[in-house]
Amino acid sequence: MPGIVPEDIERYIEQHTTSETDHLAAVAGETREQMSSAGMMTGHVEGRLLETLVYTTGATQVLEFGSFTGYSALSMASALPPGGKVVTLEVDPERAQIARRHFGESRYGDRIELRLGPALESVADLPGPFDLIFIDADKQSYPLYYEAALERLADRGLIVVDNTLWSGRVVDEREPDPDESTLAMRRFNDRVARDERVTCVMLSVRDGVTLIRRR
Ligand SMILES: C[S@@+](CC[C@H](N)C(=O)[O-])C[C@H]1O[C@@H](n2cnc3c(N)ncnc32)[C@H](O)[C@@H]1O
């Protein structure tokens with residue numbers, strides 16, 4: 001995945017961000033070696049951002065759309081207070097199995113519950129409220145995940161949305177011939193920015209991260 005931030009600056013950012021734990025480094029290493037789609041993983045810097053957001057907001061109930069091999073769920077779980085929980089939703093059985101193995105090997109694994117199946121079906125059984133909701137599954141469904149998240153968001157809760165810069169292709173001049181995913185991400189970003197129910201800020205971390213709260 002082509003980065004938004006120039007490579008040398010990205011390297012500098014990594015060097016000035018607290019290192020990954022040994023376990024997360026092992027999860028990332030295995031994911032890069034074995035998964036053709038390893039670019040989907042949040043990884044070091046965004047993982048630290050998620051961990052910091054969970055810690056500083058004092059979130060105890062966290063929901064994630066899109067587990068992949070478990071990196072972001074583990075990052076968020078590591079910052080939970082005792083009794084806190086991450087529920088993570090994944091449709092792909094092979095990825096779910098890998099994530100569950102990683103959770104089992106982690107000291108934070110007992111704070112994570114993975115629900116296998118289409119996220120929109122799984123979320124129907126989860127009334128919430130959730131203090132922090134991380135949206136990182138299929139991009140076409142982002143508007144539906146967003147509405148489901150808003151319905152379940154705790155007072156003063158935070159929605160975090162990944163890949164909102166979509167390798168820069170959301171900018172018209174950079175991608176004059178957009179594919180469906182690019183169009184979906186553009187529509188989603190426009191909708192959130194215009195949504196009078198929320199206040200949002202888009203960050204150029206990794207592939208773009210938008211933070212959203214209710215007004
Ligand atoms: C970008 S990856 C998630 C990366 C993960 N958060 C991390 O940091 O490693 C997106 C994941 O969403 C999953 N996914 C796609 N469509 C889904 C759906 N309808 N329901 C649940 N999960 C879905 C994919 O299988 C994939 O593992």
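Tutor: Seen as a whole, it is open, has 7 strands in the order S3-S2-S1-S4-S5-S7-S6, and its pairing is mixed. Strands here are DSSP runs of E, at least two residues long, and helices are DSSP runs of H or I, at least four residues long; both are numbered from the N terminus. Two strands pair if DSSP finds at least two bridges between them. Strand S3 (112–116) and strand S6 (198–203) are the edge strands, each pairing on one side only. On average, neighbouring strands are turned by 15° against each other, direction ignored.

A word on the source. This is a predicted model: local features need pLDDT of at least 70, side-chain atom pairs count only at pLDDT 80 or more, and totals for chains, interfaces and linings use all residues. Residues are numbered from 1 along each chain as its sequence is written.

Now to S4 itself, residues 130–135. This strand is mostly covered, with 6 of its 6 residues buried. Buried means that 20 or more other C-beta atoms, placed from the backbone, lie within 10 Å of the residue's own; 12 or fewer makes it exposed, and anything in between partly exposed.

S1 and S4 pair in the parallel sense over 4 bridges.

S4 and S5 run parallel and are joined by 5 bridges. Phe 130 has Leu 153 in S5 as its bridge partner. Phe 134 stands opposite Val 160 in S5.

How does the chain get from S4 to S5? The path goes through helix H7 (residues 142–152), and this β-α-β crossover is right-handed. Right-handed means that, with the strands pointing away from the viewer, the path from the first strand over the helix to the second runs clockwise.

H7 also lies across S1, S4 and S5, and runs at about 175° to S4. Such angles run from 0 to 180 degrees between N-to-C directions; axes are lines fitted to C-alpha atoms, for helices over the stretch in contact. Contact means C-beta atoms, placed from the backbone, within 7 Å.

Technical notes
Contact = placed C-beta atoms within 7 Å.
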